[in-house]
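My notebook is open and the viewer is running. I'll jot down what I look up as I go.

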Amino acid sequence: MKRLILALALILSAPFAYAVQPDEVLPDPAMEQRARDISAGLRCLVCRNESIDESNAELARDLRLLVRERLLEGDTNDEVVDYVVDRYGEYVLLNPTTRGSNIFLWLAGPIMAVIALILAFFYLRGRATAKPATEDRLSADEEARLSEILKD
């Protein structure tokens with residue numbers, strides 16, 4: 001019974017999973033779907049790793065309205081995204097492009113991993129070929145002195 005109630009609660013809460021308010025919804029379902037698709041790829045600048053479609057922040061609401069406004073003006077999906085990126089910068093994209101200066105960010109991880117592997121290889125190789133530390137023997141005088149100390 002508890003599982004049935006939980007499943008029913010999850011099913012009924014699905015339409016409310018998004019933060020889009022009823023007054024934001026476009027009358028044309030196809031246009032609304034386009035707006036949702038665009039909003040899913042735009043980052044909320046307040047919530048950071050949440051899309052504007054999921055965020056309840058005022059700025060996210062403003063961005064959702066801006067997206068819908070641009071669609072009503074006849075812009076294509078790419079034109080709407082370009083407009084928002086021009087206005088707020090590439091940080092607003094949840095999946096940044098691999099062009100321009102972002103290529104360094106995309107390549108930094110793999111390059112650092114290769115450098116770490118090379119350094120680990122040379123470190124381990126150096127340890128394997130290193131001569132073991134030799135123990136210095138005591139001189140005859142030191143052995144005699146030690147035996148005197150130990151007798152006492």
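Before I start, one term: helices here are DSSP runs of H or I with at least four residues, numbered from the N terminus. With that sorted, I can say what comes after α4: G89 follows, and its phi is positive, near 90°.

Entry on confidence. I'm looking at a predicted model. The protein's pLDDT averages 82, and 86% of the residues score at least 70. Helix α1 (residues 2-13) has the lowest confidence, with a mean of 62, while helix α5 (residues 102-129) has the highest, at 91.

Entry on the length of α4. I checked whether the 12 residues of α4 (residues 77-88) fit the 1.5 Å a residue rule: they should span 16 Å, and the end C-alpha atoms sit 17 Å apart, which agrees.

Entry on the faces of α4. Which residues of α4 are buried? I found V80, V84 and V85. What do the buried residues pack against? I noted α2 (29-40) and α3 (58-72).

Entry on the core. The largest nonpolar core has 18 residues, and V84 is among those that touch the most other members, along with I38, L42, I52, V67 and L71. I see that α2, α3 and α4 each supply at least two residues of this core, and α3 gives the largest share, five residues. Leaving out residues up to four places away in sequence, V84 touches L42, L63, L66, V67, G89 and V92.

How values were computed
Residues are numbered from 1 along each chain as its sequence is written. This is a predicted model: local features need pLDDT of at least 70, side-chain atom pairs count only at pLDDT 80 or more; totals for chains, interfaces and linings use all residues. Side-chain values use heavy atoms; hydrogens and water are left out. The expected span of a helix is 1.5 Å times one less than its number of residues. Buried means under 20% relative accessible area, exposed over 50%, partly exposed in between (1.4 Å probe, protein chains only). Contact means heavy atoms within 4.5 Å. pLDDT is the predictor's confidence in each residue, from 0 to 100. A nonpolar core is a set of buried Ala, Val, Leu, Ile, Met, Phe, Trp, Tyr and Cys residues joined through side-chain atoms within 4.5 Å.
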